[in-house]
Amino acid sequence: MGLLSLAGKIALITGGSSGIGKAIAKRFVEEGAQVVIASRNAAPTTAETVTDHHSTNITYAKLDVGRPKEWYMLLGKIPDVDVLVNCAGITNNKLLIRQQNEDIEQVVSTNLTGAIYGCKFVGKKMLSRRNGCIINVSSLLATRAVVGTAVYAATKAGVLGLTNSLALEYGGYGVRVNAILPGYIATSMTEDLDKEKLIESIPLKRFGTPEEVADAAAFLAKNGYANDCILNLAGGLSG
Ligand SMILES: NC(=O)c1ccc[n+]([C@@H]2O[C@H](COP(=O)([O-])OP(=O)(O)OC[C@H]3O[C@@H](n4cnc5c(N)ncnc54)[C@H](OP(=O)(O)O)[C@@H]3O)[C@@H](O)[C@H]2O)c1
């Protein structure tokens, strides 16, 4: 397999309308991929500018990743997916005893169940073609404890387990499964955090950019030997 090209490949990016997913979509299009961006709000609001130059290579689709029926409908409409990026995610950070049950369910449904469905439904098609790559966007919080993030951390640790297990289960059939563990990245998800205080703890003294995470996704998509490759991208915070 060796080093692969994204040119002409079809990439499905959940949560591609914003932040990290949007940067991955832009990077993949720049590398010649046809990208389908899937999120709950199919009509882009701030996403029109995913790229100014390659917009014909982007399609927007409506998908709530936690709903299997919506996956069936979407996958019935798009041709075989070469690269799936499970990037859709939400937070609801509070002490566990203060979390509403509905909010817990929503976080689990989006971050964990959604990634499992993506791996199942898209993975099934990839397995039949004996080719494909899945990139799961986990989080540094899967492995690093922060007060108020228990539910989110549990979902992201689940995504790591999903990745480890499927790299074994799918790997023998030519389907690679990898994960990225971003630390603090400057997106709408982190805009309300106390940035000044947090960067004190980050060795590189800054938040990462969505483009830096997109670079990791491009590496995982193109390196044919990357399977169960867990890329930590946290500016040294994990150390
Ligand atoms: N920012 C960070 O510091 C950081 C660090 C570690 C990991 N991450 C992970 O990186 C991923 C992207 O985060 P971000 O920072 O880029 O956040 P963001 O800017 O808020 O983007 C989240 C994306 O997920 C989509 N989404 C949310 N719920 C969805 C659902 N049920 N079905 C489909 N799409 C859904 C949103 O679109 P709609 O609202 O239209 O559905 C949006 O496109 C998440 O998985 C997050 O947990 C982020």
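Me: Which residues of helix 2 are buried?

Reply: Local features in this predicted model need pLDDT of at least 70, side-chain atom pairs count only at pLDDT 80 or more, and totals for chains, interfaces and linings use all residues. Residues are numbered from 1 along each chain as its sequence is written, and side-chain values use heavy atoms, with hydrogens and water left out. Buried means under 20% relative accessible area, exposed over 50%, and partly exposed in between (1.4 Å probe, protein chains only). In helix 2, residues 68–77, the buried ones are E70, W71, L74 and L75. Seen down the helix axis, they fall within an arc of 125° (taken from the directions from the axis to the C-beta atoms), so they line one face of helix 2. K69, Y72, M73, G76 and K77, on the other side, are exposed.

Me: How many aromatic pairs does the structure hold?

Reply: Rings of Phe, Tyr and Trp (its six-membered ring) pair if their centres lie within 6.5 Å; planes under 30 degrees apart count as stacked, over 60 as edge-to-face and the rest as tilted. The structure holds 4 such pairs, one of them the stacked pair of Y117 and F121, at 5.4 Å centre to centre and 20° between the planes. Y117 is partly exposed, with a relative accessible area of 21%, whereas F121 is buried at 11%.

Me: Which residues do ring pairs link into a cluster?

Reply: The cluster is formed by W71, Y72, Y117 and F121.

Technical notes:
Helices (H or I, at least four residues) and strands (E, at least two) are DSSP runs, numbered from the N terminus.
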